[in-house]
Every structure is written in C-alpha cells, then in structure tokens.
Amino acid sequence: MRPRIGPHLISIDDLDRSGIERILDRAESFEEVAGREIKKVPALRGRTIVNLFYEASTRTSSSFELAAKRLSADVVSIRSAGSSVDKGESLKDTVQTLSAYDPAAIVIRSPHAGAAQLVAGWTPAAVINAGDGKHEHPTQALLDVFTLRRRLGALDGLNIWIVGDVLHSRVARSNILALGRMGARVTVAGPPTLIPREIEALGCEATVSLERLEEADVVYVLRMQNERMRDAYVPSLREYASRYQISASRLRPDQLLMHPGPVNRGVELSSDAIDSPQALIGEQVKAGIAVRMAVLYELLVGSPLLAVAA
Amino acid sequence: MSPVTAPRLFSQEAPPAEVLIRSGHVLDPRGEIDEAHDILIRGGCVAELGAPGSLSPPADGELFDASGKHVFPGFVDPHVHMRTPGQEYKEDIESATAAAAAGGFCALIAMPNTDPVLDDPAILGSLLERARREARVPVGFLAAITRGLEGDALTEMAALAEAGALGFTDDGKPVISAGLLRKALQYQRMCGGVLALHEEDPALSRDGVMHEGPVSTRLGMTGIPPVSESTMIARDAGLARYERARVHFQHISATESVEALAQAKAAGARVSAEVTPHHLTLTDDLVRTLDSRFKMNPPLRSEADRRSLIDALRSGLIDCVATDHAPHARHEKEVPFEAAAMGTTGLETAFAALFTELVLPGELELAIVVERMSAGARLFDLPTPRIAVGEPANLAVVDLDRSFEVGAQGYVSRSENCAFHGRRLHGRVVLTLAAGSVAFRERLLVEAAPAR
C-alpha cells in the first residue's frame with residue numbers, strides 16, 4: 001500500500017521517495033490524456049480550485065489552471081493586481097474570504113517564504129505551494145524529476161549540477177531535496193556571492209568553479225536576474241556570462257540541459273545551448289501540466305487507484 | 001560631569017505596603033542572604049528580617065504566606081518598548097508596567113522609538129506625567145541620540161538629561177555615522193547618563209530577517225550575519241575608550257560580539273552589555289516552524305552562540321539580563337515570516353524562561369540569574385533593589401515549583417507575540433512589590449488561600 005499524499009504540498013519535505021514516485025506514476029497516466037482530442041477527465045467535476053498568485057507568473061499559473069481544467073474542476077484565478085489584495089487586504093482575510101466558496105484546493109504563489117504554510121492554517125482546503133519566496137517550489141521540482149525520469153528511466157547515481165544564482169532560487173532548494181530523494185548526487189555551482197552559506201547541509205556539494213562540469217550527467221541552469229547585478233552580487237553580467245554561462249561548447253554532447261524558465265538568452269544560457277537537442281526545456285514545460293494534474297489528483301482524490309481514464 | 005539628581009523613575013501613587021511576608025526563602029545574592037526569613041514591611045520599607053515564623057503581621061496590615069516560595073530582589077529591566085506615545089494599540093504604560101509587575105519587575109527603562117520619537121524635552125515631560133498617572137512600577141526613560149532616530153543630528157542631550165532622561169539610545173537602529181556617535185559620546189561625558197547602543201551594520205544585515213546559517217539557507221531567507229553586530233561593537237568600544245565615555249551594548253546575540261566585548265573590557269573601555277532571555281534559551285532552529293513569534297532583531301542565533309552568551313552571563317562579562325520586550329499587534333505578526341514585525345514580548349516570562357531552561361538543567365546557578373535580573377539598575381545609575389532593613393520594598397515572591405503554560409490564560413501585556421508561547425515554564429511570580437507598594441498579586445493565590 002503506497003502512502004497517501006497530503007493533506008497539503010508545501011515542501012518537498014512533505015514527500016518521501018514513494019510519494020514522489022506515486023505522483024510521477026500518476027502524471028504518466030495523465031500524459032496519455034494530453035494526447036487525446038478531448039483532453040479532459042471528470043476527476044474533479046463539481047469541485048473548485050482557487051489559484052492565488054501574489055507574484056507575476058506565466059507558466060506556473062497557466063499550467064495549474066490548465067491542469068485543474070483538464071480534471072474538470074471549476075477554476076478561480078486571482079492575481080494581486082486589480083484584486084482586493086491590491087487594496088491592502090491581508091493574506092489571512094483573502095484566504096478566509098475565498099474559503100467561503102468551499103474550494104477543494106488553494107494554489108498559492110507568494111513572494112514570502114512560508115506563505116503556503118500559513119495559508120494551510122487558515123483554510124480547510126488542501127494547499128499547494130506554487131512558490132513561496134526563495135523557499136520552495138515543489139511542483140517545479142516534481143516536473144523536473146518527471147522529465148528526467150522519462151528520459152533516463154531512473155535518477156539513482158546521476159550527477160546533477162545546478163548552476164547559477166542558488167541564493168535566490170526556490171527552484172534550487174526544492175530540486176536539491178527532490179533529486180537527492182530520488183538517488184541523484186547534486187552539486188551546486190555559481191559565483192561565491194550567490195551560493196548560500198552552508199548549503200551543503202541540504203545534501204549537496206558546492207563549488208564556485210565549472211572546471212568539473214564534465215562530471216555532470218545533467219546540467220540544470222538557473223535564471224540570472226538583472227537585479228542581481230544592481231545589488232552587486234556580481235560585478236557585471238558580462239563577467240558572469242564569461243565564467244558561468246552554459247554554452248554548447250561547455251557541454252559534452254551527451255549531457256542533458258535543463259532550465260526552469262524564463263530564460264535570459266545570452267546570460268545564463270547561450271542560444272546554441274538552448275536550441276540544442278540536449279536541452280529538455282520544452283519537455284519541462286509540457287510535463288508541468290501532467291505533473292500538476294497528478295498533484296491535484298493525489299491530494300484531492302488520492303487512493304484508491306481509480307480508473308482515471310474513464 | 002554633572003550627574004543628574006532630579007527624580008529619575010516615575011510611577012503612580014500607591015499606598016505603601018504593610019505586610020508580613022512569612023517564611024519565604026530569601027535569596028539576595030548581593031546581601032549574601034540565602035535562607036528562609038520573615039520579612040516585615042512597614043510603610044513600604046523593610047522594617048525587620050526575622051527567623052521564619054518569628055514576626056507578626058502589622059496590626060493594620062496583612063500576612064502573606066510565602067513558605068515553600070522564594071523571595072528575590074525585584075527585577076530591573078533596562079530594555080522595554082512601552083510603545084507610548086503613538087502605538088498604544090500594541091502596548092501602553094499601564095499594560096507594560098502591569099506585565100512587568102506580573103513578571104516580578106520592580107523597575108523598567110523605556111525605549112524612545114515611539115511615534116513621535118522621544119527626542120525632545122517636551123515629549124519627555126508629557127511622558128513623565130503619563131507615567132505618574134499610569135505606571136504600576138517605576139519607569140525611567142531613555143531619549144533618542146539622534147533626532148527622529150534618523151542618524152543625522154544630535155538631540156538636545158543636555159536638556160533631555162536635565163528633564164529626566166536616564167540616558168540615550170537610537171534602539172532599533174544603529175548610529176551609522178562614527179563621527180556623529182563620537183560627538184554623542186563627548187556630550188554623554190558632559191551630561192551624564194549612558195549611551196545604549198543597538199549594534200548592527202546595515203550594510204551587512206541588509207534586509208535580513210533571521211540568523212545567517214544553515215537554517216536561513218534551507219528556508220531561503222536572507223540572513224543577518226553575526227559580524228553585522230560584532231564589528232559595530234568593536235568600532236564603538238574603540239570610540240568609547242578614546243572618548244572615555246560610557247557605553248552599554250544592547251541585546252548582544254553572537255559569539256563574535258562576546259569576543260569583541262571581552263576585548264573592550266580588557267582594554268579598559270567603560271562598556272557594559274545586556275542579553276535577552278530569548279537569546280539565552282532559544283535558537284534559530286525554531287525558525288524552521290516559520291512562526292513569526294521567533295522573528296526579532298537581533299535574531300535568534302545558533303546553539304554555539306547561545307552557549308557563548310550563557311558563559312558570558314555566568315562570568316559577568318555580560319552584565320545583565322534585559323527583555324527587549326517588544327509588543328506587536330496580531331495583524332503585524334499574523335503574516336508571512338519575512339513580512340512580520342521584529343520583536344517578542346518578554347516581561348511576563350523572563351525569569352521563568354531562564355529558571356526553566358538554564359537553572360533547572362544546571363547551566364546557571366539560581367543566584368546568578370537572580371543577580372543578573374536586576375544588575376541593569378546600576379548600569380543606568382539607578383538604585384539596585386536589596387532585601388535589607390531600611391530599604392524600600394522591591395521584591396518578587398516566586399513559586400519555583402509552580403509551572404504554567406505560557407499564554408494559556410492570556411497575557412497581561414496588550415500583545416501576545418511571545419516567543420515562549422505554548423511552552424511550559426517553571427517559576428511563577430505570585431507577588432511583586434515595587435517602590436514599596438504591591439504592584440502585582442496573583443489572583444489565583446488569593447482565591448485559593450481560604451480553602452486551604
């Protein structure tokens with residue numbers, strides 16, 4: 001008997017390896033749905049999902065919305081701009097107001113670490129963390145693991161390098177935990193100002209040099225934001241690019257390349273790398289819908305394993 | 001130097017106590033008393049100390065049975081945010097002093113980061129008036145070092161000292177300009193009082209919300225490195241020594257700061273330091289809960305830092321305990337950790353937290369904790385509470401065998417942002433006398449007494 005997932009998904013710490021695998025297995029069955037002409041299953045018919053986004057987001061919010069719709073849920077998407085959030089309503093009041101609609105799940109993206117956990121204390125709904133500050137982005141890590149598992153079968157013993165701005169990256173934190181849980185060995189690499197102190201405690205190695213990059217089976221590149229230069233984390237994007245940009249010439253042909261998007265072409269990645277066949281970036285985006293359908297399904301329907309293809 | 005002789009502590013009129021405190025275990029480390037006594041208090045002063053059961057209550061007074069309980073000199077807190085004027089929705093003079101009395105404190109020193117800032121003699125004058133009407137225990141005030149706490153221009157320090165300020169602080173903020181601090185030190189030497197410094201280099205602490213270490217890395221929160229505090233302590237100790245001025249370092253939190261303090265004292269600088277009960281008993285590991293009650297500045301630090309602070313308090317390198325009682329309304333704390341206000345309340349839990357977490361496990365002797373809980377008085381030129389014949393009654397009766405769950409019955413403070421919330425602590429204050437009057441009496445005891 002596999003463990004039930006939930007009641008919330010706030011951190012990768014909420015999942016053990018079998019929990020991750022259960023979501024990935026479920027996502028594979030939903031991928032099949034995506035190939036049909038009518039891409040819908042009735043699993044969440046009559047139930048409501050609220051997407052509450054306090055930060056700009058294109059792919060995460062659209063992919064959660066599509067995932068919920070493909071499960072036949074009613075979806076309410078709220079963005080901070082133009083909503084009562086914009087008028088100074090507190091997170092607590094907003095969540096309690098939305099909870100009056102009796103949603104099955106609230107998906108929340110916030111600029112603050114711990115927001116999803118707080119929300120879970122204020123609502124009877126299942127809460128899914130769609131990114132909280134620099135803390136975690138568990139569904140991103142799950143879709144990354146899913147993408148890799150589809151391509152390679154298993155992650156055990158894989159060498160995975162996460163390169164770039166680790167300090168400000170919730171994607172890096174969730175991925176270090178999720179990849180480690182799946183048996184991969186993780187190394188983070190980047191300029192010393194963007195590698196947080198004692199990151200090794202999360203279960204990875206850390207380096208400021210790409211000298212040993214050829215050891216990697218997978219190179220996972222993080223987004224480098226322009227404001228990091230303004231805040232003097234790096235002297236210039238030009239110097240950053242010369243030392244840390246991943247280009248086709250830095251990669252072995254059999255190394256896989258990943259990126260959570262959106263990409264800054266010419267900064268953390270060169271165009272020839274992005275457009276190369278070893279890049280999995282498009283597959284990651286595609287996996288987002290199936291994995292988020294799986295997360296919603298496992299949290300809200302869960303075991304026993306029903307015939308979802310009905 | 002012209003030490004100020006005007007009154008320096010202010011509280012409401014209260015009838016002087018007429019009471020016999022019978023058979024309590026009196027522990028006054030400075031007077032080297034450590035045994036059971038009767039304490040007869042007449043007209044608010046200690047009239048007689050006698051063997052347990054030997055003295056009779058005053059004819060017009062009452063008997064308080066303290067057998068099985070301890071009697072300590074009242075605690076003195078040199079670091080309290082009373083939030084008055086301007087932020088009475090968090091706390092006011094009455095609620096802060098009532099909370100203090102419930103925690104066994106007989107005197108407090110209030111911080112000037114109010115709204116408006118206490119940077120003008122007229123504001124101080126009105127606060128002293130309010131304290132005379134509302135304060136349940138005597139209160140003294142520190143005025144700001146710089147106008148509006150903005151770090152640009154000195155306040156009228158001499159006028160503020162004459163109006164009754166005990167000293168000066170920009171607490172909540174560092175004095176960033178070494179040049180301006182130097183001028184303040186020169187003025188301090190002239191007008192007396194103490195400069196109490198919140199040490200933090202904002203270029204290092206930036207927008208940090210917690211201790212920098214493995215926990216901040218795991219949570220993705222911006223860290224406040226210990227060196228943001230210790231480098232400023234080193235700088236300002238150097239300035240104080242050069243100017244032969246008196247400086248008090250507030251709420252020090254880190255091993256590096258303890259080292260800087262030791263160097264300053266060894267070099268002969270006139271410096272003193274305080275540490276809070278929460279930094280002595282809690283660590284940054286608690287921030288993993290994401291509970292904003294654990295957010296304060298300076299932040300809870302590592303276990304190694306905590307151990308350094310305990311050692312320094314034991315040796316006397318750190319002179320005293322201060323709560324940094326910092327009340328905030330619920331809506332300021334019921335938000336994500338990074339967005340929450342900095343600070344924890346502490347007046348009602350200070351002694352019990354130290355007794356439970358440090359004395360019971362054998363880290364510190366009870367006598368040391370009791371001494372450090374009132375040692376702040378001398379640092380600000382206030383009389384140190386003593387249990388001795390002729391002294392005004394400033395004492396706390398504490399039942400060390402009684403435990404309580406923090407917050408289970410609410411708080412006396414107007415705010416509930418206590419880092420010890422939900423913990424079971426030992427050491428219940430049952431009676432507090434401050435400046436000769438009963439400031440706090442546990443209601444439960446009075447109700448339960450006839451049934452016994």
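## A two-chain predicted model

B:Ala435 is buried, with 21 other C-beta atoms within 10 Å. Buried means that 20 or more other C-beta atoms lie within 10 Å of a residue's own; exposed means 12 or fewer, partly exposed is in between, and C-beta atoms are placed from the backbone. This is a predicted model, in which local features need pLDDT of at least 70, side-chain atom pairs count only at pLDDT 80 or more, and totals for chains, interfaces and linings use all residues. Residues are numbered from 1 along each chain as its sequence is written, while chains are lettered from A and ligands numbered from 1 in the order in which they are written.

**Backbone exceptions**

B:Ala435 sits in the loop between S17 and S18 of chain B. Helices (H or I, at least four residues) and strands (E, at least two) are DSSP runs, numbered from the N terminus. Phi of B:Ala435 is positive, near 50°, and the residue is not a glycine. B:Glu32 also has a positive phi, of about 55°, without being a glycine. This residue lies in the loop between strand S1 (19-28) and strand S2 (33-42) of chain B. B:Glu32 counts as exposed because it has 8 C-beta neighbours inside 10 Å. Most residues other than glycine have a negative phi, and most peptide bonds are trans.

| Peptide bond | Omega |
|---|---|
| A:Gly261 to A:Pro262, cis | near -10° |
| B:Thr84 to B:Pro85, cis | near 5° |

A:Pro262 belongs to the loop between strand S9 (256-258) and helix H9 (271-274) of chain A. B:Pro85 belongs to the loop between S6 and helix H1 (93-102) of chain B.

**Chain B: sheet and domains**

S6(B) is also part of an open sheet. Eight strands of chain B form this sheet in the order S6-S7-S8-S9-S10-S13-S14-S15, with parallel pairing. Strands pair if DSSP finds at least two bridges between them. Strand S6 (75-80) and strand S15 (320-321) of chain B are the edges, each pairing on one side only. Four bridges link S6(B) to strand S7 (residues 105-110) of chain B in the parallel sense. Within S7(B), B:Leu108 stands opposite B:Asp77.

Chain B is divided into domain 1 (19-71 + 391-451) and domain 2 (74-379). Such bounds come from an automatic or database domain assignment. The C-alpha centres of these two domains of chain B lie 27 Å apart. In chain B, 31 residues of domain 1 are in contact with 42 residues of domain 2. Contact means that C-beta atoms, placed from the backbone, lie within 7 Å. Strand S16 (395-405), strand S17 (424-434) and strand S18 (437-441) of chain B each supply at least two residues of the domain 1 side. S17(B) gives the most to that side, with eight residues. By class, this side of domain 1 of chain B has 19 nonpolar, eight polar and four charged residues. Ala, Val, Leu, Ile, Met, Phe, Trp, Tyr, Cys and Pro count as nonpolar, Asp, Glu, Lys and Arg as charged, and the others, Gly among them, as polar.

The assignment for chain A gives domain 1 (12-136 + 285-300) and domain 2 (138-284). Their C-alpha centres lie 25 Å apart. The contact takes 24 residues from domain 1 of chain A and 22 residues from domain 2 of chain A. H10(A) supplies the largest share of the domain 1 side, seven residues.

Strand S3 (residues 105-110) of chain A is mostly covered, with six of its six residues buried. A:Ala105, A:Val107 and A:Arg109 point one way from S3(A), and A:Ile106, A:Ile108 and A:Ser110 the other way. S3(A) pairs with strand S1 (residues 48-53) of chain A in the parallel sense over five bridges. A:Ile49 stands opposite A:Ala105. Five bridges also join S3(A) to strand S4 (residues 126-132) of chain A, again running parallel. Here A:Ala105 stands opposite A:Ala126.

H3(A) has these buried residues: A:Leu91, A:Thr94, A:Val95 and A:Leu98. Seen down the axis of H3(A), they fall within an arc of 95°, so they line one face of the helix. The arc is that of the directions from the helix axis to the C-beta atoms. Their cover includes S1, S3 and H4 of chain A.

**Between the chains**

The contact between the chains takes 21 residues from chain A and 17 residues from chain B. Helix H3 (91-99), helix H4 (115-120) and helix H6 (170-181) of chain A give two or more residues to the chain A side. H4(A) provides the largest share of that side, three residues.

Key:
Two residues are in contact if their C-beta atoms, placed from the backbone, lie within 7 Å.
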